[in-house]
Amino acid sequence: MLRIVLNRLALAIPLVFIVTFVAFWLVSIGPTDIAATILQGETTPDVVQALRHELGLDQPLGIQYTNWVVGVFQGNLGKSVLTHESVVDLINQRLGVTISLFIGVLVVVTVFGIGLGVISAVRGGWLGRTIDVLSLGGLVFPSFWLALILIAIFAVQLRWLPATGFIRFDDDPGLWFLCIVLPVTSASVAAITSVAKQTRDSMSDAMSRDFIRSLRASGLSRASIIYKHALRNASLPVVTVLGLVMISAVTTVIYVERIFVLPGVAGLAVDGAMKADLPVLMGCLLVFTLITVGISLLVDLSYAWLNPKVRLS
Amino acid sequence: MSDTDSIPVDAPVTQPIFAPKAAVAQPKPPSFMVRLLKKPLAVASLIWLAFIVLFGIVGQIWTPYDPISVQLKVFKQLPSAEHWLGTDALGRDVLSRLMAGTMTTLTGVIEAMITAMVIGVILGLVSGYFGGWWDKLIMQLTNVIVALPGIILLLTVLVVFNREMLAAMIVFGFMGSATITRVVRSVTLNVRQELYIDAARISGLGSFYIITRHVVPRIIGPLIVQLSLFSAIAIVTQTGINFLGLGTPPPAPTWGGMVAEAAVAMNDFPWLLVPGGVTIALTVLAFGLLGDSARDAASEGWTKSARTGIKTKQLDDIAANNAINKAAEAKLDTKTFLSVRDLTIVADNGEKVSILVNSMNLDVKHGETLGIVGESGSGKTLTSLALMGLLPTGTRVRTGVMSLDGKVYDLRDHDSIRNLRGKTIGMIFQEPMAALDPCFTIGSQLVEVIRRHNGLDKKAAKEQAIELLEKVRIPNAAEIVKRYPHQVSGGMAQRVGIAKALVASPKLLLADEPTTALDVTVQAEVLDLIRDLSEQNDMAVILVTHDWGVVADSCDRALVLYHGETMEMDTVANLFDKPQHPYTQALLKANPHNAVVGQPLPTIQASLESLLNAPRK
C-alpha cells in the first residue's frame, strides 16, 4: 500500500512543480504587461513599475519561481494585488465550499453512475434505451446551461430550492444541503452519464466472462453474481473513468460556483483571472493541482483495494 | 499419458470436409468514408454542421438586424415574424446575434482541433512506430497532461495573453492531444506488429514511406472518431469561457456570452436561454453522433458483420417443439439415474437457425461415468451446459427433456433446472483459472458456495472449505484458502474447482475437458481424483473429452459426437474392440497410442475420406 502511495507521489510532486512553473513561464513570455493590466492604464509609468516590482515581475523567471516556491513551503502564497488580503486566508475561507462540492459530486456520480450502468447492463430493454437517451442529453447540454435551466425550474418556477448562496454546514446542515442540491446536480449530470456508460460496458464484459458461468453453475444467487462478483470485476475501468470525470469536474465546479454564487476557490480563480490578480490565480492553480493529485491518488488506492493482483504484486 | 498421446482431433482440419472448398472471392470492403456516409445519423450530423458553417459565414457578411445596436423599444420579445428568435434584454435581435457569434465558436473549435490533431498524430506515430525510449517519454507526457486541472491553466493563459481566444484554444488543443496521441499510438502499434511491415522494412523501404503508405490510412478512422468527440468538448469549453466573461468582450455576440446574458434576464424572460443553449447542444450532439457513427464505421471495417438491431425472428414452430417434447417424455428411461431425450441445441443469429446438437439421447446410471467424445465444435460442451441451463447467449435448447433421479425436467425451461445447479449437479470447467473469480480469495469463494447450499455460519463454512480442499488432495489447505486464484497453479485451481463442485455432494458431476488445460503429470492425478470421488460418493459423471486415453482410463461408456450428431454410444470395451460407425473407426485410427513406429500416423482427415460415403442420420 505504501509503495502505491510513494509511486503516485513520485509522479505527482514533479507534476505540481511542472504545472506551477509552466504558469510562471507563460506569464514571463506572454505579451501582456500584467501590472499595466491590473492598473488598467490610467496611471503613470512609475506606478506600473512599482507594481511590477511588488509582483516580482522585474526579476528573472528562475528567481520569481524560486521565491514563490519558498513562500509556498512557508505557507505564504503572497497577497492579492487588489485587496491586499493574504491569498492563503482567501483560499482557506473558500476551500470548504469547493471541497463539499467535490465530495457531493463524487458521491452522486458514484451512486447514480454505477447504479444506472449496472441496471442498464443487467436489464437492458427500455431502461437501457432510456439511459442512452438521458446520457446523450447529459453529454450534449453544457453544464453551465443545464445549471441555469435547473434554476429556472426548481428555484424560479417551483421555488423548491434556493437559486444562489451558501450556508455553512456547521451553521445549518439542512440549509447547507438545500443549497448544494442544484450545484451538485448540475455538476454531476455529464459525469454520471460517462460513468454509467463505462459501467454498462464493463459489466456486460464481466458478465460474459467464464467465471460467471462457473459461479452460476455453483448455484449462487443472481444478486451475488451481479453485485458481488461481476461488479467487482467490472470496477477497474469504472474507477479510471470516475477519476477522469472528477478531474474534469474542476471545470464544471468553476461554472457552478459562478452561477450559484458560491464562495469557493473556483469562483476565486475566475475573479483572479478577470482582474489579472496573479498571486490569487497562482494560489488557486496550486490548490486545484493538489486536488487533481489527490483524485489520482484515490484512484490508485482504489485499484489496489479492488484488484488483488495490483495489491499483491 | 502425455500430450502427444492425445488424439489431435482438436485441429480444425475436418471442418471443411462437408463445406464447399472453393474459395469465394471476397468483394473489397467499402472504404471508411463510404461506410460512414451510409449511416443516417452521420449524414444528419454532417448536414447540421454544414448548416452551422454556412450560418456562420453568412453571419459575417449579413444579418437581419444589427447584432450590436440597442433597441430598447423592442426588448425581451418572444419569437415573431419580425424577430424569428425574439429579442434580448437590450432589444437586440437574437437570430442576428446568434449568426454573428457563430464564427468565433467555429474558429475556436477549428484552432483547437488542428492543434490537437497535429500534436496528437505526430506524437502518436512516433510513440507507436519507434517505440522504446520515445514511447516511454511520450506516454509519460500524456499521463501528465491528462492529470492537469486544464481549465485553471486556460484561465492563466487568458490572463497572460489578454483574453486572446486563439492562445486559449491552442493550449486547449494541446491538452486534448493526449487522448489522440494514445489512440494513434495504439493503432500504430497494431499495424507495426504486422508481418507485412517487417517485410517492407527488410526490403529497404524507409520509415517515412511505410508510415505514410501503410500506417496513416489505418489511423484515419479512429482519428475522425477522436476529433469529433474532441470538437464536441471544445465547443463546450469555448462557449464556457465566453460564458464566464473571459473571452471575447461584450457587446460582441458569442454563443457562450448569449447564455450569460440570458442568465441575467432569466427571472422574467427564460425564453432567452433557449436559442443559445439549443444551438450549442445541437452542434455538440452533431459532433458526438458523428464520432459514434465513425466509430461504428471504423470497427465494421475490421469485423465486417455490423451489429444490427434486428429482433430475433420467431423461426421455430413452438407447437411442433412441444409435441416433440411430449413424445420425448414418454421415451425417458425414468428408472435410470439420468436420462435425456431428443436434446436439440440451436444457434440463431436473427435470420437463420443452425443446429448444433441434433436429437441427442443419453442415459447414465448411478456411479457410472459416461464419456462424450468428439472434436472441437462437435457440441459436446454445449450438451453439458444445456443440462445446467447455462447455454451461452445466441444458443438455446429447441427441444429436450431430462429425467434426473426420477423427476422430469423440460430442458427449455431454465427456471426449473436452476435449482439443480450446484446442488444436484456439479460442474467443472476446462479452464480452471477462468472458472474462479480473480477478485476473491479461494477461501471466500468456497465459503460463499458452502453457505449458499449448506446454510452454515461463516466459521463452520470456513472449516468445511478446508476439509473439502483436503478431500481433493490439496496439501496445506489452510494456507491455500487465503490465496487468490492467480497465486496458485492450474492443477491446484482445477482441484479447487472440483472442491467447489462437490460442496453440496451432487449426484451428477459434469466435467468439461477437466484436464485439457493441465500439465501432463497433473492430468492423471485429477482424473484419478474424479474417479475416486465418483466411486466413494456413488456419483454419476459425464466426462466431456476429445482424448481416447481419458475415455479408456476413466469411462464406463462413451458417446461419440460428430457435428452434433450422435454417431455411436456403447461400452468403452465395445467401442475400442469393435467400433460400429466409420467415424469412430476413423477417430480411433488417428489415436497416437496405436501408432506404428516408422509409419506415418493416419490423420483424421485421411481416415475420414471413407466417412464421406457413410450414412448420416
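Colleague: Let's start with helix 3 and helix 6 of chain B: is their crossing left-handed or right-handed?

Modeller: Please keep in mind that this is a predicted model, where local features need pLDDT of at least 70 and side-chain atom pairs count only at pLDDT 80 or more, while totals for chains, interfaces and linings use all residues. Helix 3 (residues 94-130) of chain B packs on helix 6 (residues 165-192) of chain B at about 35 degrees with the axes 5 Å apart; axes are lines fitted to C-alpha atoms, for helices over the stretch in contact, and angles run from 0 to 180 degrees between N-to-C directions. A crossing is left-handed if the near helix is turned anticlockwise from the far one by less than a right angle, and right-handed if clockwise. For helix 3 and helix 6 of chain B, the crossing is right-handed.

Colleague: How many nonpolar residues are in the contact of helix 3 with helix 6 of chain B?

Modeller: Ala, Val, Leu, Ile, Met, Phe, Trp, Tyr, Cys and Pro count as nonpolar, Asp, Glu, Lys and Arg as charged, and the others, Gly among them, as polar. Beside three charged and 13 polar residues, the contact of helix 3 with helix 6 of chain B has a nonpolar count of 20.

Colleague: And helix 8 and helix 9 of chain B: how are they oriented to each other?

Modeller: A note on labels: residues are numbered from 1 along each chain as its sequence is written, and chains are lettered from A and ligands numbered from 1 in the order in which they are written. The axes of helix 8 (residues 207-244) and helix 9 (residues 255-264) of chain B come within 6 Å and cross at roughly 45 degrees. Angles under 35 degrees count as roughly parallel, over 145 as roughly antiparallel, 65 to 115 as roughly perpendicular and the rest as oblique. Helix 8 and helix 9 of chain B are therefore oblique.

Colleague: Turning to the two chains together, which element of chain A gives the largest share of the side that touches chain B?

Modeller: In all, 57 residues of chain A are in contact with 55 residues of chain B, where contact puts C-beta atoms, placed from the backbone, within 7 Å. Elements giving two or more residues to this side of chain A include helix 1 (2-29), helix 10 (222-259) and helix 12 (278-306), with helices being DSSP runs (H or I, at least four residues) and strands likewise (E, at least two), numbered from the N terminus. The largest share, eleven residues, comes from helix 10 of chain A.

Colleague: Is B:Leu508 buried or exposed?

Modeller: B:Leu508 lies in strand 7 (residues 508-512) of chain B and touches, among others, B:Leu338, B:Ile425 and B:Met539. A residue is buried if 20 or more other C-beta atoms, placed from the backbone, lie within 10 Å of its own, exposed if 12 or fewer, and partly exposed in between. With 21 such atoms within 10 Å, B:Leu508 is buried.

Colleague: Which chain A residues does A:Phe166 touch, leaving out those up to four places away in sequence?

Modeller: A:Phe166 is found in the loop between helix 7 and helix 8 (173-207) of chain A. A:Phe166 counts as buried because it has 23 C-beta neighbours inside 10 Å. Beyond four places in sequence, A:Phe166 touches A:Val97, A:Cys179, A:Leu262 and A:Pro263.

Colleague: Last one: how many of the nine residues of helix 12 (residues 380-388) of chain B are buried?

Modeller: The buried residues of helix 12 of chain B include B:Lys380, B:Leu385 and B:Met388. Just after helix 12 of chain B, B:Gly389 takes a positive phi of about 70 degrees. Helix 12 of chain B is largely enclosed by the rest of the structure because, of its nine residues, the number buried is eight.

Note on methods:
Contact = placed C-beta atoms within 7 Å.
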